Amino acid sequence: MKLSNDMQSELQQIVDFCRLIDKEKFVQRRTYLSDGERFENDAEHAWHMAMMALLLSDYSNEKVDQLKVVSILLVHDLVEVYAGDTFAYDIEGMKTQRERELAAADKLFAQLPENLGQKIRSLWDEFEEWETPEAKFAHALDNFQPLLLQNASGGRAWREGERKLSEVLRRNARSAEGSEVLWEYARKHFIQAEIDRGNLIDDENGRE
């Protein structure tokens, strides 16, 4: 197949973008991997949730397009290539997160050919708007996955940060909108388990 000059230019843009988003592997999160030895990165986080979407979509509150959920999850943190990760419990960082990430989205997705850039940007926007069943379930997984790793790593990050139950509940306030089943599972098997182990302070029920 012989490519026209325009097609060659478009292909080069896409390849350059693929090279650029490799930087997602260097964006460190604040959640330990299951062995508790190091923090995960954004790309590991996205892959893990994409797999979860394939395995857990039957537990969404509403029927979802599985491929759409996977696509949203693979795209949702790409802007952190420029904006960096905002720690879930960083109150000051959260104040500027939306502004920083919007600017990053404008810069990042503009580097793709226009039609493709609009397509990928629309997935990011859909996640941010939190309105469709797919976006709600993607958010549920985005919250469920760190809780799973907190539990798997022995609650290390919560223990080190002296995290409180009220903080975790605030962070997960909308999780049930995507999956009531997964949220209840997380509360019982991840959150309560770490309270019982002494890794999460139960300030909601007077247990310090």
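Biologist: Why is Glu160 called partly exposed?
Modeller: In this predicted model, Glu160 has a relative accessible area of 49%.

Biologist: What makes the pairing of Glu160 and Arg156 a salt bridge?
Modeller: The N to O distance between the side chains of Glu160 and Arg156 is 2.7 Å. The cut-off is 4 Å between a side-chain nitrogen of Lys or Arg and a carboxyl oxygen of Asp or Glu, and 2.7 Å is within it, so the pair qualifies. Arg156 itself has 26% relative accessibility and therefore counts as partly exposed.

Biologist: Why are Glu160 and Arg156 separated by about one helical turn?
Modeller: Because both residues belong to helix H8 and stand four residues apart there.

Biologist: How many salt bridges are there by this rule?
Modeller: The count comes to 13. One of them joins the side chains of Glu126 and Lys68, at 3.0 Å from N to O. Glu126 is in helix H6 and Lys68 in helix H3, so this pair ties together parts that are 58 residues apart in sequence.

Biologist: Are Glu126 and Lys68 buried or exposed, or in between?
Modeller: Glu126 has 12% relative accessibility, which is under 20%, so Glu126 is buried. Lys68, at 28%, counts as partly exposed.

Biologist: What makes Asp106 and Arg121 a salt bridge, and which parts does the pair tie together?
Modeller: Their side chains meet at 2.9 Å, N to O, and this distance is within the 4 Å cut-off. Asp106 lies in helix H5 and Arg121 in helix H6, so the link ties together parts 15 residues apart in sequence. Asp106 has a relative accessible area of 47% and is therefore partly exposed, whereas Arg121, at 18%, is buried. Asp106 and Arg121 also belong, with Asp125, to a network of salt bridges.

Biologist: How do you know that the length of helix H5 is close to the expected value?
Modeller: Helix H5 covers residues 91–109, 19 residues in total, and reaches 27 Å from its first C-alpha to its last. At 1.5 Å a residue the expected span is 27 Å.

Biologist: Where is the kink in H5 centred?
Modeller: The kink is centred on Gln97 and amounts to about 45 degrees. Gln97 is also one of the buried residues of H5, among them Gly93, Glu101 and Leu108. The cover over the buried residues of H5 includes H1, H3, H4 and H6.

Biologist: What reaches the backbone nitrogen of Glu92 at the start of H5?
Modeller: A side-chain oxygen of Asp90 comes to within 3.3 Å of that nitrogen.

Biologist: What makes the pairing of Thr86 and Arg100 a polar contact?
Modeller: The two side chains are 2.9 Å apart, and the cut-off for a pair of N or O atoms is 3.5 Å. Thr86 is found in the loop between H4 and H5. Its relative accessible area is 10%, so Thr86 is buried. Apart from neighbours within four places in sequence, Thr86 is in contact with Gly93, Met94, Gln97, Arg100 and Glu101.

Biologist: Why is Ser179 called buried?
Modeller: Ser179 has a relative accessible area of 1%, which is under 20%, so Ser179 is buried. Ser179 is found in the loop between H9 and helix H10. Once neighbours within four places in sequence are set aside, its contacts are Tyr59, Ser60, Asn61, Phe137 and Ala140.

Biologist: Which value describes phi of Trp130, and where does this residue lie?
Modeller: Phi of Trp130 is near 60 degrees, a positive value in a residue other than glycine. Trp130 is placed in the loop between H6 and helix H7. With 18% relative accessibility, under the 20% limit, Trp130 therefore counts as buried.

Biologist: Why is Glu162 called exposed?
Modeller: Its relative accessible area is 59%, which is over 50%, so Glu162 is exposed. Glu162 lies in the loop between helix H8 and helix H9, and its phi is near 50 degrees, a positive value in a residue other than glycine.

Definitions and conventions:
Residues are numbered from 1 along each chain as its sequence is written. This is a predicted model: local features need pLDDT of at least 70, side-chain atom pairs count only at pLDDT 80 or more; totals for chains, interfaces and linings use all residues. Side-chain values use heavy atoms; hydrogens and water are left out. Helices (H or I, at least four residues) and strands (E, at least two) are DSSP runs, numbered from the N terminus. The expected span of a helix is 1.5 Å times one less than its number of residues. The bend at a residue is the angle between axes fitted to the seven residues ending there and the seven starting there. Buried means under 20% relative accessible area, exposed over 50%, partly exposed in between (1.4 Å probe, protein chains only). Contact means heavy atoms within 4.5 Å. A polar contact is a pair of N or O atoms within 3.5 Å; within protein, one must be able to donate a hydrogen and the other to accept it, and residues adjacent in sequence count only if both atoms are side-chain atoms.
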